[in-house]
Amino acid sequence: MRPGTAGTLKAAFLVFASLCAWYSGYLLAELIPAVPLSGTIYSIRSIGERPVLRAPAPKRQKCDHWTPCPTNSYAYRLLSGGGRDKYAKICFEDEMLIGEKTANVARGIYIAIVNYMTGKVIATQLFDMYEGDNSGPMARFIQSAPSQSLLFMVTQDEGSSRLKEDAKKAIEALGSKEIRNMRFRSSWVFLAAKGFELPAEIQREKINHSDSSRNRYSGWPAEIQIEGCIPKGPS
């Protein structure tokens with residue numbers, strides 16, 4: 001083939017290819033709906049900017065339970081103090097009866113009395129068991145709880161030094177198995193019912209003693225807690 005013929009064929013091929021490309025672009029423009037160029041660029045950019053789908057945060061339950069209590073039951077959580085800065089808490093139906101935010105946390109044994117039938121708080125009281133003669137007043141406070149009452153008890157710091165026989169008997173009468181095992185700075189929580197019986201599966205009491213070889217905090221055992229759901233009585 002002569003050089004002139006080859007050059008002519010190459011030029012013709014380039015022209016044909018250009019025509020094909022132009023026609024293909026024309027067809028695409030006719031088939032695809034018109035979209036502003038700025039919108040197209042934004043769409044391309046947004047592909048990498050779209051948020052990652054995440055599971056919704058779990059719904060908060062009463063007294064910070066992991067799972068909700070059944071209908072017609074009360075939620076409760078008892079937490080003892082731990083060390084100098086971990087404060088005792090009594091939560092009932094998502095109301096903080098005792099706790100740092102209630103400005104009523106100090107040293108001793110806290111007791112809250114709740115009407116079982118209505119769920120209303122009757123009284124809360126702190127009894128210093130390190131200084132003063134507060135064992136007798138605590139015994140009388142416990143005995144004053146009316147029938148059909150729930151009683152919640154937790155320690156903050158120290159709850160045994162001035163705990164005398166009268167208070168021990170009053171707490172023991174409510175079903176405590178650990179009150180006579182209290183030692184210096186023991187962490188202790190107790191749930192009691194007066195005038196009715198709690199279901200057998202409900203955890204009612206827990207204790208943790210100070211042990212220098214195992215203490216989480218210097219001079220104090222770790223805080224302890226019990227929580228659960230108390231079925232409501234018939235209305």
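## Close-up views of a predicted model

**View 1. Glu93 and its neighbours.** Leaving aside residues up to four places away in sequence, Glu93 touches Lys62, Cys63, Ser73, Tyr74 and Ala75. Like everything in these views, this comes from a predicted model. Look for Glu93 in the loop between strand 2 (89-92) and strand 3. Glu93 counts as partly exposed, because its relative accessibility is 24%.

**View 2. Gln148, a residue with positive phi.** Here the loop between helix 3 and strand 6 (149-156) comes into focus, with Gln148 in it. Phi of Gln148 is near 65 degrees, and this positive value again belongs to a residue other than glycine. With a relative accessibility of 27%, Gln148 is classed as partly exposed.

**View 3. The salt bridge between Glu227 and Arg77.** Side chains of opposite charge can pair when their charged atoms come close. In this view the side chains of Glu227 and Arg77 form a salt bridge, at 3.8 Å from N to O. The pair links distant parts of the chain, with Glu227 in strand 9 (residues 225-231) and Arg77 in strand 1 (residues 73-79), 150 residues apart.

**View 4. The salt bridge between Arg107 and Asp128.** The closest N and O atoms of this salt bridge are 3.0 Å apart. Two loops are brought together by the pair, which links distant parts of the chain: Arg107 sits in the loop between strand 3 (95-98) and strand 4 (108-115), and Asp128 in the loop between strand 5 (121-127) and helix 3 (135-143), 21 residues apart. Arg107 is partly exposed at 27% relative accessibility. Asp128 has a relative accessible area of 19%, so this residue is buried, the cut-off being under 20%.

**View 5. The salt bridge between Glu165 and Arg180.** A salt bridge joins the side chains of Glu165 and Arg180, with 2.6 Å from N to O. Because Glu165 lies in helix 4 (residues 165-173) and Arg180 in the loop between helix 4 and strand 7 (187-194), the pair ties together parts that are 15 residues apart in sequence. Glu165 is partly exposed at 37% relative accessibility, and Arg180 is partly exposed with a relative accessible area of 37%. Elsewhere, salt bridges that share partners join Arg60, Asp64 and Asp94 into one network. For the model, the count comes to 12 salt bridges.

View 6. How many cavities of 30 Å³ or more does a search of the whole structure find? The search finds one. The volume of the largest cavity is about 50 Å³. Its lining includes the glycines Gly81, Gly82 and Gly83, together with Thr155, Gln156 and Asp157. Also lining the largest cavity are Arg185, Ser186, Ser187, Trp220 and Pro221. Sorted by class, this lining holds two nonpolar, seven polar and two charged residues.

Key: Residues are numbered from 1 along each chain as its sequence is written. This is a predicted model: local features need pLDDT of at least 70, side-chain atom pairs count only at pLDDT 80 or more; totals for chains, interfaces and linings use all residues. Side-chain values use heavy atoms; hydrogens and water are left out. On a 1 Å grid over the protein atoms alone, a cavity is a set of points where a 1.4 Å probe fits but cannot get out, and a pocket is an open set with protein on both sides within 12 Å along at least five of seven lines; lining residues have an atom within 4 Å of a point. Grid points are joined across faces, edges and corners, and a volume is the space filled by probe spheres set on the points. Ala, Val, Leu, Ile, Met, Phe, Trp, Tyr, Cys and Pro count as nonpolar, Asp, Glu, Lys and Arg as charged, and the others, Gly among them, as polar. A salt bridge is a side-chain nitrogen of Lys or Arg within 4 Å of a carboxyl oxygen of Asp or Glu. Helices (H or I, at least four residues) and strands (E, at least two) are DSSP runs, numbered from the N terminus. Buried means under 20% relative accessible area, exposed over 50%, partly exposed in between (1.4 Å probe, protein chains only). Contact means heavy atoms within 4.5 Å.
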